Amino acid sequence: MYRFKQGMRKSLSVAAVFFILAWTQANAWADEILVSAAASLTDVLKEITSGYQAKSKHTVKFNFGPSNGLARQIEEGAPADLFFSADLPQMDTLDKNGRLEPGTRKNLLSNQLVIIVPADSKLAISSPKDLLKADFKKIALAEPSSVPVGVYSSKYLSDEGLWEQVKSKVVPVQDVRATLASVESGNVVAGFVYKTDAAVSKKIKIVYEVPIDKGPKITYPAAIVKESKRKEAARDFMTYIQSRAAKDAFKKYGFVVLD
């Protein structure tokens, strides 16, 4: 009986060792990466990541915000494995300063500017010149001097010869999602956002779409951060966001996929 119990203990010990080794091997390559991404990508990346994590052992966490602020964080050494910007200048600066992993940068998406008002608003716009009317007292805009959607919008208004007349009405906010919230709440009468952001809210409506041929070219680049300690996992996720499933999700949310 003693020998039987001793043999059982030995078998269990061996089984435990094999279990630990198997678990270690299965999880040795599993990493958690941090993706710094433009606020306008919030909903679509959460959906894409749900599909990714169902197939991959890697996990993904996000730091969403205005692209200029995220780029500044990376420049100052804040942790990030992948950067997904809403414009090229932020990525250009990091690239110039050697903050990106060589050969990983790629332009993935485009978008379109729209003007929105609260869902119950009676205001209508047939031309951006309508923003000069007295009815448009407060217009929310992500910081026009630095945040991509604000920069794009102010450039568009400048090209239309309207910026100097409109800027006194502008209420600068943190990012595109803050603009959306400001219009939803009725704190402002209108705002400039991306078409994809307008699509996720039932509390607003689009009253004007900036023609793509007249608006600034909007480009979303992504790249792996050079200081990342999880480059292989970051590469795996970078590959996934260029997959057919991810492209379909981007299109569903209204983004233009750049092939």
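Residues are numbered from 1 along each chain as its sequence is written. In this predicted model, local features need pLDDT of at least 70, side-chain atom pairs count only at pLDDT 80 or more, and totals for chains, interfaces and linings use all residues.

**Exercise 1. Find the strand order of the open sheet of 5 strands, and say which strands stand at its edges.**

Step 1. Take the strands as DSSP runs (E, at least two residues), numbered from the N terminus. Two strands pair if DSSP finds at least two bridges between them.

Step 2. Read the order: β7-β6-β8-β5-β9, with mixed pairing.

Step 3. Check one pair. β6 (residues 139-142) and β7 are parallel, over 4 bridges. Ala142 has Val173 of β7 as its bridge partner.

**Exercise 2. Do likewise for the open sheet of 6 strands.**

Step 1. The order is β2-β1-β3-β10-β4-β11, again with mixed pairing.

Step 2. β2 (59-65) and β11 (256-257) are the edge strands, because each has a single partner strand.

Step 3. β1 and β2 run parallel, paired over 7 bridges. Ala37 stands opposite Phe64 in β2.

**Exercise 3. Locate Ser40 and decide: buried or exposed?**

Step 1. Ser40 sits in the loop between β1 and α2 (42-55).

Step 2. Apply the cut-offs: buried is under 20% relative accessible area, exposed over 50%, partly exposed in between (1.4 Å probe, protein chains only).

Step 3. Ser40 has a relative accessible area of 4%, so Ser40 is buried.

Step 4. List contacts (heavy atoms within 4.5 Å). Leaving aside neighbours within four places in sequence, Ser40 touches residues including Ala86, Arg177, Tyr194 and Phe255.

Step 5. Compare sequence and space. Ser40 and Tyr194 are 154 residues apart in sequence, yet 7.5 Å apart in space, C-alpha to C-alpha.

**Exercise 4. What lines the largest pocket?**

Step 1. Define a pocket: on a 1 Å grid over the protein atoms alone, an open set of points where a 1.4 Å probe fits, with protein on both sides within 12 Å along at least five of seven lines. Lining residues have an atom within 4 Å of a point.

Step 2. Count the lining: 16 residues, with Ala78, Pro79, Ala80, Asp81 and Glu227 nearest the centre.

Step 3. Find the main contributor. Strand β1 (residues 32-38) gives the most, with 3 residues.

Technical notes:
Side-chain values use heavy atoms; hydrogens and water are left out.
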